[in-house]
Amino acid sequence: MNIHEYQARDLFEKFGVASPRGKMAGTPRDAEIAAQELGTEKIVVKAQIHAGGRGKGTFTNGFKGGVHTATKPEEVRELAAKMIGQTLVTHQTGPAGREVHKVYVVEAAEIAKELYLAILLDRATAAPVVIASTQGGMDIEAVAAQTPERIFREPVHPLLGLQPYQARKLALALGLHGPQSTQAAKLILALYKLFISCDCSLVEINPLVVTKAGDVLALDAKFNFDDNALYRHPEIVALRDFTEEDPREVEASKYCLNYIGLDGNIACLVNGAGLAMATMDIIKHCGGEPANFLDVGGSATKEQVAAAFKIILSDKKVKGILVNIFGGIMRCDIIAEGILAAVQETQLPVPLVVRLEGSNADIGKKIIRDSGLAVISADSLVDGAAKIVAVVKEAAATEAAAAAEAAMAVAVAAAKAATEAAAAAAQAAASLPLKSKGTQPAAL
Amino acid sequence: MAILVTPETRVLIQGITGGFGSRHAQLSLDYGTKIVAGVTPGKGGQIFERVVPIFDTVAQAAKETGATVSAIFVPPPFAADSILEAVDAGLDLVICITEGIPVADMVRVKAAMRGSKTRLIGPNCPGIVCPGEGKDSHGGCRIGIAPGYINHKGHVGVVSRSGTLTYEAVWQLTTRGLGQSTTVGIGGDPVNGTSHLDVIKMFNDDPETEAIIMIGEIGGTAEEEAAAWIKENCKKPVAGFIAGATAPAGRRMGHAGAIVSGGKGTAAAKIAAFRDAGIAVAETPSVMADTLIRHIKELGK
């Protein structure tokens, strides 16, 4: 789960991580009031969407940049008016962009130095690690690749937590001295407390800045929360912004289905995450493009399977569906019943290939066979993938052929009409005895 | 002698009275597995399905029944506590089936387990199967949620992060007449008890295992570590498959651990590591067994 920048700033304030003062605004008027209340000389207005690259993005109304500075509250209002309700396209949003519903009005910091700070879970050591770099404000992966000596890693003991001496060590590694190193160490410890208390999987501050006044502040933040731990953080769940998410994924999550929309045209419905990924891979291997990842889990009900079908079919790109079930916990007869329920409701507008194996596979296959539905059955994973790719390609080819035929018929008719018109015109011209030579009949 | 468990292993089940736990306890009993105790706090003294005594604590259950292995089926908020209880009771092996445990809980459990004699497998895993000699491999040790009939006693070791993909590999082996020594599902979470490498080392030392299938997926670097070890040390033919070649970066593919982030954990990097280690790579998940069979022939083993 992700959160907005203004929400991150609220968490910072709660845990004592120093950051510039700011206010969220949902209307241009509120943005102006927020600027007046901040009362600082220079103000930054930032479009609130979950994607990065906002500063370099462009709104579909032509307005450039999702981050702007202003000096007067009226200016802030004008900037907010150009952002709120508009769609911002950045390198992370894809061409469709994201609609901006809110802006964050924040005091501008006079930056003397940009640094980088992050805490994340290191899988290799199964412990949190603090990462710091003097190369702030840049793409940290590029820094790690090109100048790895500028990245400092401080592993944290999972039971002891981050110790003050470690925070001081990190502050020194960031090249900070005197009161600044004290401020930075305090900030790092506060950030660690936030990381643990909120069950984060990543907290990244880029940039962490030293201002010209000498303060150490978190200027921008990225949070990832551990989805498995959200049940014990209702206050974090409340920050979820559904408008930032794919509506199909939101719908899927209501039914406890694991769905991720992709760009292809062959949908798949699978039990188990590994098999679901492998099914996507084999569709691609057989020459198709997967339209989604969908894991119905180990104990799906008939209703969940039916809901999964409806979500799949809400994607208009989908031209075929492959169901691949290897029942361990999941019983194949339940999948079969879910398929029937869904087919009856949706009329199944696209071809469907079903492969059932494992628990109650025979009963499941019989249910589908006896239903008399136009379901193509498959004996193995590769058989299923090959069949759905073939049938979707065939349909596309038939469609293309039909379209070509129709186009041809139109062209033939047009040509015929043109020939007839020309003949008629020629005849008409010929019948005009006074027509001067070399003048073309008007009909041509 | 397979790895980790044998058909004689005595197993207790934590969470035996829950819907999920009771169903799979019954399936294991039907398979012929020695499920000797159940543990549900507050339900000590009851009997599960008229055969399995239920205890309030793991320590009691182990003492009374001689169970040395536990399978955990309790809901995520209580799973970490259940693992620690089993460790405290001194069991040899704890297999945690529960899916959805907070990562921070597992980080603490793993740190707390350091130095203990207990091995943890999982969480978020399908468990272990050591096939028996009866019809449909009946009489073996099935701990977890895998279907029993797909297994067949033999000499291929299977290790995987994914449940259903494991069944796929096992079924392919069985239908081609190749049995398994032990099948181990290590689970799809980013922090787990036993790694691919741990299991590969055991298979390498196990005289009953003659060849290995290793199934991985995107995320982390555990497959690469196992491959590096195999390159230098493994004496047996290994075939492998990596799921998630088509997964977009930055999206969690169901498993908490299956995510390509920061350019790390890609399928391409893992497949390259496999090839470099002399592991035969299955191009698709439907040729895992065939790839191993061809590899064995090529090596003349």
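Which element gives the most to the lining of the second largest pocket? In this predicted model, that element is α6(B), with 3 residues.

## The second largest pocket

The second largest pocket holds about 340 Å³ of space. Its lining is made up of 20 residues, and those closest to the centre are Arg123(A), Pro190(B), Asn192(B), Ser195(B) and Ala222(B). Two elements of chain B, α6 (196-205) and α7 (222-233), each give two or more residues to this lining.

By class, the lining of this pocket has 7 nonpolar, 7 polar and 6 charged residues.

## The cavity

Rolling a probe the size of a water molecule over the atoms shows where empty space is left. The structure has 1 cavity of 30 Å³ or more, and the space in the largest cavity comes to about 70 Å³. Residues of chain B line this cavity: Pro126(B), Gly127(B), Ile128(B), Val129(B), Ala146(B), Pro147(B), Ile150(B), Asn151(B), Thr166(B), Tyr167(B), Val170(B) and Thr183(B). The elements with two or more residues in this lining are β8 (127-130) and α5 (163-175) of chain B.

How many charged residues does the lining of the largest cavity have? It has no charged residues; 8 are nonpolar and 4 are polar.

## The interface of chains A and B

At the interface, 44 residues of chain A are in contact with 55 residues of chain B. The two chains bury about 3900 Å² between them, and 62% of this area is on carbon and sulfur atoms.

There are 4 salt bridges across the interface of chain A and chain B. In one salt bridge between the chains, the side chain of Glu168(B) meets that of Arg355(A), with an N to O distance of 2.9 Å.

## Gly274(A)

Gly274(A) is part of helix α9 (residues 273-285) of chain A. Is Gly274(A) buried or exposed? Its relative accessible area is 0%, so Gly274(A) counts as buried.

Leaving aside neighbours within four places in sequence, the contacts of Gly274(A) are with Ser162(B), Leu165(B), Glu217(B), Ala243(B) and His255(B). Within chain A, Gly274(A) and Asp295(A) are 21 residues apart in sequence, and their C-alpha atoms are 8.9 Å apart in space.

Helix α1(A) is mostly covered, with 8 of its 11 residues buried. These buried residues are Glu5(A), Tyr6(A), Gln7(A), Ala8(A), Arg9(A), Leu11(A), Phe12(A) and Phe15(A). Just after α1(A) comes Gly16(A), which takes a positive phi of about 80°.

Ser19(A) sits in the loop between α1 (5-15) and β1 (22-25) of chain A. Which residues does Ser19(A) touch, not counting those up to four places away in sequence? They are Arg9(A), Phe12(A), Leu217(A) and Ala218(A). Two of these, Arg9(A) and Phe12(A), are among the buried residues of α1(A). Ser19(A) has a relative accessible area of 13%, and because buried means under 20%, Ser19(A) is classed as buried.

Key. Residues are numbered from 1 along each chain as its sequence is written. Chains are lettered from A and ligands numbered from 1 in the order in which they are written. Side-chain values use heavy atoms; hydrogens and water are left out. On a 1 Å grid over the protein atoms alone, a cavity is a set of points where a 1.4 Å probe fits but cannot get out, and a pocket is an open set with protein on both sides within 12 Å along at least five of seven lines; lining residues have an atom within 4 Å of a point. Grid points are joined across faces, edges and corners, and a volume is the space filled by probe spheres set on the points. Helices (H or I, at least four residues) and strands (E, at least two) are DSSP runs, numbered from the N terminus. Ala, Val, Leu, Ile, Met, Phe, Trp, Tyr, Cys and Pro count as nonpolar, Asp, Glu, Lys and Arg as charged, and the others, Gly among them, as polar. Buried means under 20% relative accessible area, exposed over 50%, partly exposed in between (1.4 Å probe, protein chains only). Contact means heavy atoms within 4.5 Å. Buried area is the accessible area (1.4 Å probe) that two parts lose on being put together, summed over both.
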